[in-house]
2 protein chains.
Amino acid sequence: MYYIGVDVGGTTIKVGLVSEDGRILHSSRGRTPVKEGCDEIVNKIQSLINEVIEGYGAVKGDVKAIGLGIPGVANKEGFVYFATNLFMKDFPLGKNLENATGIKVFIENDATVAAVAEYVKGASSGTQNSIFLTLGTGLGGGLIIDGKVYSGSHGIGTEMGHMVIGENFYDCNCGNNGCWETFSSATAMIKYCQRLLEEDQRSLVYNKVEGDLKEISAKLIFDCYQEGDSIAKEVVERMVQYLAKGIGNLINIFDPEVIVLGGGVAGGGHLFLDMLKEEIQKYIYLKSMNLTEIALAQLGNDAGIIGGSMYAKLRLEESGV
Amino acid sequence: MYYIGVDVGGTTIKVGLVSEDGRILHSSRGRTPVKEGCDEIVNKIQSLINEVIEGYGAVKGDVKAIGLGIPGVANKEGFVYFATNLFMKDFPLGKNLENATGIKVFIENDATVAAVAEYVKGASSGTQNSIFLTLGTGLGGGLIIDGKVYSGSHGIGTEMGHMVIGENFYDCNCGNNGCWETFSSATAMIKYCQRLLEEDQRSLVYNKVEGDLKEISAKLIFDCYQEGDSIAKEVVERMVQYLAKGIGNLINIFDPEVIVLGGGVAGGGHLFLDMLKEEIQKYIYLKSMNLTEIALAQLGNDAGIIGGSMYAKLRLEESGV
């Protein structure tokens, strides 16, 4: 028997047929038809699902369940409250895809799905309690507690990025000031770098974008950091300090075995992981008991498909099917 | 069959014989022999346990397990890392009490034990996911997830009071700045009130303590707040604003069904609960989905005995005995 994992992004939909133990057997991808509307997204997912089933020479009856990771919030019945980049709001994605495919569908936030992937066969495998943080445009989180996905009583928890941890020079999209993701995401790095460069242009970053501050990316900042640029250094260090503060909060609350860092910013993780671990130590309440491991994600681009499929498997097992 | 609940405070030890459904059948109390050392604390607990068993006309064989709530941190084996007010550090309290009584012993932080009490027969009964916050000298927390006590992978989690949520004018005992308990505990209210009165003495609070700022208590501040004192008002409002900020963080992460407030500061809860709920709304990420109930603790002084005994029951059930 197989599972299907679907990674629905704002640009691309990736679909994979996955074995019971989380190996991708066959996969495909296509453009996300965001402009064509939600029904077209359902059609596109359905046709990619048919493609991977047929492409592997399997039949629908071999597929136990489908698991979707979306950049948004859905409840346990697969009803999507919103997914901004998909232009989706209050849409019964799970039910519609079930009707279209005849297969049981489970939907979760993409960070939670990535947490499942790392738990099943990545950096948190073998643990019972772990936290996954995705440091990208925003800062998302996924929680595994007692070997099970935890997304809250109504499926709207694990919004770690909106934990207020201080005061910042710009407000969060959510309307508040001081949200963690305004300090420790790619967006946060870019905004802080732009602010510094408005004051002082003597920086490699400024030269490389030829003064066009809109062109700054987190990757560029990490590149200049490696070349010893002092403004890039200030940006990376500030991001790491607040990353440590937020992780310290999570350790003091959850006492997890491991916290896994994924997403674009974690791509520079080899540059700042030691600094981060040192900073975290300051915030741990029981300083003599620094027991939580900090690890970088291992699964990269496949996390969405593996996590989606294995999330469906976990949910089926929990429901006793 | 019965359980025994033990509430070990820095001043008093309370012990109760409790029925399977959480009713206190017989109880006793005695002074905590903190100066006499940890072994004397064990002896005192043992003698109070014998007293309640005999006082009810029961025998040791009728007691399934003993559950202790302590003002400190212990692991799942009942080893106490520290309990400052008991002058206890790295002490095998659970094992020693088991040897003394011949009965299985479980130990947890007093906030977690109170969370269990409210879960079994108080403000969070009937829910699966709840958070208990005790607002006293410090700010402690207890977590029930999926109907089970969660205290972390190594028993050192739920230190919500040390979640950094901003910048404050004084440092926390733990060495950091901005810990939640420096904003929203009785200590926090007193310190902020003292600070305001150093600047401006025109306040009922100042008059009532006759200028002796060391005499200020949270209760006095609430009393003056009710009488319309503007400095007391500023203190209560600041406490509530940060209480809302921290609770907002917990809702965004946990999406619990209910958050229960206990401890001395919650004794003034009827004065600020509406204001608190209004403030929390600002921090909820999904503002249209304000689904978490905020409730005041129901069990008061009995929470320690009921929670301790029912914690022991839960742990026994989890271990399949």
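How many salt bridges does a search of the whole structure find over all chains? The search gives 24 salt bridges over all chains, a salt bridge being a side-chain nitrogen of Lys or Arg within 4 Å of a carboxyl oxygen of Asp or Glu. The model is predicted, so that local features need pLDDT of at least 70 and side-chain atom pairs count only at pLDDT 80 or more, while totals for chains, interfaces and linings use all residues. Residues are numbered from 1 along each chain as its sequence is written, chains are lettered from A and ligands numbered from 1 in the order in which they are written, and side-chain values use heavy atoms, with hydrogens and water left out.

Side chains of opposite charge can pair when their charged atoms come close. In chain A, one salt bridge links A:K89 with A:D90, with 3.7 Å between the closest N and O atoms. A:K89 is exposed at 62% relative accessibility, whereas A:D90 is partly exposed at 44% (buried means under 20% relative accessible area, exposed over 50%, and partly exposed in between, with a 1.4 Å probe and protein chains only). A:K104 pairs with A:E98, the closest N and O atoms lying 3.5 Å apart; A:K104 is partly exposed at 41%, and A:E98 is partly exposed at 24%. In chain B, the closest N and O atoms of B:K233 and B:E237 are 3.1 Å apart in a further salt bridge. These two residues, B:K233 and B:E237, are four residues apart in helix α7 (residues 230-254) of chain B and are therefore separated by about one helical turn (helices, H or I of at least four residues, and strands, E of at least two, are DSSP runs numbered from the N terminus).

Chain A is assigned domain 1 (2-109 + 301-318) and domain 2 (123-297), with bounds that come from an automatic or database domain assignment. The centres of the two domains of chain A, taken over C-alpha atoms, are separated by 28 Å. Ten residues of domain 1 of chain A are in contact with nine residues of domain 2 of chain A, contact meaning heavy atoms within 4.5 Å. Between domain 1 and domain 2 of chain A the count of salt bridges is zero. On the side of domain 1 of chain A that touches domain 2 of chain A, β5 (73-74), β8 (105-109) and α9 (303-318) each supply at least two residues, and α9(A) gives the most, with three residues.
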